[in-house]
Amino acid sequence: MPELPEVEAARRSMVRAVAGKTIERCVVVRPVAVRSHTPQRFSRAINGATVEDVARHGKALWFVLGRWALVFHYKLWGVVRFHSQAPLPDKGTSLLLVFSDGSALEFRNLQLSTFHLIKAGDRRTLDGEGIEPLVPTTTFEAFRRALGMRGVIKDLLCDQERIAGIGNLWAHEILFRAHIRPERKVDSLTPAEARTLYRTMRETLRRAVEAGGEPDFQDAFGRAGRYRLAVYGAAGRPCPVCGTKVRGGRLRGRPTFFCPSCQH
Ligand SMILES: [Zn+2]
């Protein structure tokens, strides 16, 4: 599932690819992904609109289209690819935005991904009310308040009502770098550990954005992420810091990974 670093990397590539362009037509190949409108009304609303900006809230992309915002959520997976010449849709294509200069943005290989067209100025986030980890207003105090006093630290980091944009993958990478085991209870963190977690969350996400996210993800130009994951999906492989075998398992039904030597 693309998380904050991947969606932010995608956003940056899309600003370069399509900001300022006018949508000439829209081809809805798989209407099931469009949740707010019928394909006809969806197309009618956005045809002729200019992409004023591409923003991000949590894990969702917002195409700012004048009166409307087109909100795209990858959910499990998806590829959004820029083409300088609009391609013909194939069986992987879900939706195609064709611009007046002949270029196109293609949404393909979507897995439960959604499109919502909402009125500009509608304050709904569609993705929880959690704080954005990388904005200046997310101070250590704001982070500590958002986490709360009860629950398992990994779950709290992934809770979109608390913190926006972090999912199972980046929660594990952050906790590895903070030397904290995923199953720890939040009220067991020492003040020093909580500060380290805050700092590490921001550092890890920033570096991950700069690297384009995890290696399976691709931005609008087809560039793959270059961040080398330390523990996620790496059960049985040596920890990149100490060489101990990374341990894998399940934490309430979801995959979990940690280094038994580096994390406490
Ligand atoms: Zn280690």
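Asp 159 sits in the loop that runs between α4 (153-158) and α5, where helices (H or I, at least four residues) and strands (E, at least two) are DSSP runs numbered from the N terminus. With a relative accessibility of 26%, Asp 159 is partly exposed; buried stands for under 20% relative accessible area, exposed for over 50%, and partly exposed for what lies in between (1.4 Å probe, protein chains only). Asp 53 is 106 residues away along the chain, and 27 Å separates the C-alpha atoms of Asp 159 and Asp 53.

A word on the ground rules: this is a predicted model, in which local features need pLDDT of at least 70 and side-chain atom pairs count only at pLDDT 80 or more, while totals for chains, interfaces and linings use all residues. Residues are numbered from 1 along each chain as its sequence is written, and side-chain values use heavy atoms, with hydrogens and water left out.

## The chain as a whole

Stepping back, the chain has 6 helices and 10 strands. Its radius of gyration is 20 Å, close to the 18 Å from the globule rule for 264 residues, so the chain is as compact as a globular protein of that length. Here the radius is taken over C-alpha atoms, and the rule is 2.2 Å times the number of residues to the power 0.38.

The C-alpha trace spans about 55 × 35 × 30 Å along its principal axes. Of the 264 residues, 53% count as buried.

## The zinc site

Now for the metal. Four cysteines give the protein donors of the zinc ion: Cys 239 (SG), Cys 242 (SG), Cys 259 (SG) and Cys 262 (SG), at 2.2 to 2.4 Å from it. Donors are N, O and S atoms within 2.8 Å of the metal (3.2 Å for Na, K and Ca); water is not among the atoms, so sites may look incomplete.

In sequence, the donor residues follow the spacing C-x2-C-x16-C-x2-C. Cys 242 belongs to the loop between α6 (191-210) and β9 (247-251) and Cys 262 to the segment after β10, so this pair ties together parts 20 residues apart in sequence. Cys 242 is partly exposed at 38% relative accessibility, whereas Cys 262 is buried at 12%.

## The second largest pocket

The second largest pocket has a volume of about 260 Å³. On a 1 Å grid over the protein atoms alone, a pocket is an open set of points where a 1.4 Å probe fits, with protein on both sides within 12 Å along at least five of seven lines; lining residues have an atom within 4 Å of a point. Grid points are joined across faces, edges and corners, and the volume is the space filled by probe spheres set on the points.

Its lining has 15 residues, with Met 1, Glu 3, Asn 168, Leu 169 and Tyr 232 nearest the centre. The elements giving two or more residues to this lining are α5 (168-177) and β10 (254-258).

## Loop residues to look at

Lys 75 is in the loop between β4 (68-73) and β5 (77-83) and is partly exposed at 32%. His 179 is in the loop between α5 and α6 and is partly exposed at 43%.
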